[in-house]
Amino acid sequence: NERYELGLEEDDSDCAVIYPLYKKLGLKKMIDMLDGVFAFIIIEGENISVGRDPIGVRPLFWSLEDGKIGFCSEAKGLTERMRMRPFPPGSYWKSSWRNSTPKSFFKIDEWKDISPNPFLSLMRDYEIKKAIVDTFTQAVKKRMLSDRPIGCLLSGGLDSSLVASILQREMKGKLNTYSIGFKGSPDLEAAKKVADHIGSNHHEVILKWKEIEEKLPEIIMKLETYDTTTIRASIGMYFVSKYIRENTDDVVIFSGEGADELCQGYLYFHRQPSDTMGHLESMRLMNNLYMYDVLRADRTTAAHGLEVRVPFLDKQFMKLIVSLPYNKVCPQKQTEKYLIRSAFAKSGLLPDEILWRKKEAFSDGVSSQ
């Protein structure tokens, strides 16, 4: 509705709002209004404006050396002679700042200072949990705006299961959910339980070693990284995306990336020396997501013409979690992401065995051993 109030022209593309906003409001105000993932380059004569979304879900690389400027969505698109680097997430750049660094418009840890509710530390637990449920539900719902069919990756873990359950509840028809693994893998079993519970139209994709061996070089080329953990975790996502492209009409694909980093879901968070140290580690992971998990999510889906959407990285949801007292977010009762689990405990969205399922890495969960 805001686009019509601003007098922006209609267009079928969700990307088409960027340039009219830029013309009407200017670069900085336009960026502040964007609520999603993006990477853009606006060229007007000799003037260039560039920006990338807060977490860096959408890829963007640049080089600025000896008066020559290059931008590309893939690192391999820039020549070897130019010093290539990732364009920093949450930043923008204008050609008038020649030979200067991009300006930051976003630092996640600073959001706690501009919380929508300055009294979050005084809120009771039930009020915090209600805020989490309401804000995350809205984060999923706003991403359902799409002209293309919607599907959801479903590993059977907490994060993707919550996303899938809310999607199915809000959709008019049946949601397509997709899981992948070797035959007999725990993820396939857990995902089936979730799909049965929410009533989705569920698809299982079985991994085969021969296919992995054949496609591994291509996967690495698409990822543009040699990080072994990222490569290993990308294999399943690459093949499930390939299945979706070849066997369905779904194009917009929801996923659960970002929850473990934002909400301290990794098992090693149990060993944090203090709540403050746990928070600092969470922020470190969030600021590096563009090199790992969201790189994997974007590249493996985009390789097959799909668009990934990640509601856990919604601006308002991130803002809420970061604004909470640190001791509310850290693991409690020997359970990681306890706050998120307990917030949805009475919602009926998931079976208890899934809601309280112990964290399992995606690349481990798809295995049969």
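Q: Where is Gln 334 found?
A: Gln 334 sits in the loop between helix 13 and helix 14, helices being DSSP runs of H or I with at least four residues, and strands runs of E with at least two, numbered from the N terminus. This is a predicted model: local features need pLDDT of at least 70, side-chain atom pairs count only at pLDDT 80 or more, and totals for chains, interfaces and linings use all residues. Residues are numbered from 1 along each chain as its sequence is written, and side-chain values use heavy atoms, with hydrogens and water left out.

Q: Why does Gln 334 count as exposed?
A: Exposed means over 50% relative accessible area, buried under 20%, partly exposed in between (1.4 Å probe, protein chains only). Gln 334 has 71% relative accessibility, so it counts as exposed. Gln 334 also has a positive phi of about 60°, although it is not a glycine.

Q: What makes Glu 224 partly exposed?
A: Its relative accessibility is 23%, so Glu 224 counts as partly exposed. Glu 224 lies in the loop between helix 7 (209–223) and helix 8, and its phi is likewise positive, about 60°, in a residue that is not a glycine.

Q: Why is helix 12 called largely enclosed by the rest of the structure?
A: Of the 9 residues of helix 12 (residues 315–323), 8 are buried, so the description holds. Among them are Phe 317, Met 318, Leu 320, Ile 321 and Val 322, along with Lys 315 and Lys 319. The cover on these buried residues includes helix 3 (27–33), helix 4 (125–142) and helix 10 (275–287).

Q: Where does helix 8 bend?
A: Helix 8 bends by about 35° at Ser 234, the bend being the angle between axes fitted to the seven residues ending there and the seven starting there. Ser 234 is itself one of the buried residues of helix 8.

Q: What makes a set of residues a nonpolar core?
A: Its members are buried Ala, Val, Leu, Ile, Met, Phe, Trp, Tyr and Cys residues joined through side-chain atoms within 4.5 Å. The largest has 87 residues, and those with the most contacts inside it are Met 30, Ile 132, Phe 136 and Phe 344. Helix 8 gives the most to this core, with 7 residues. Another core, of 8 residues, lies apart from it and includes Trp 62 and Trp 93.

Notes. Contact means heavy atoms within 4.5 Å.
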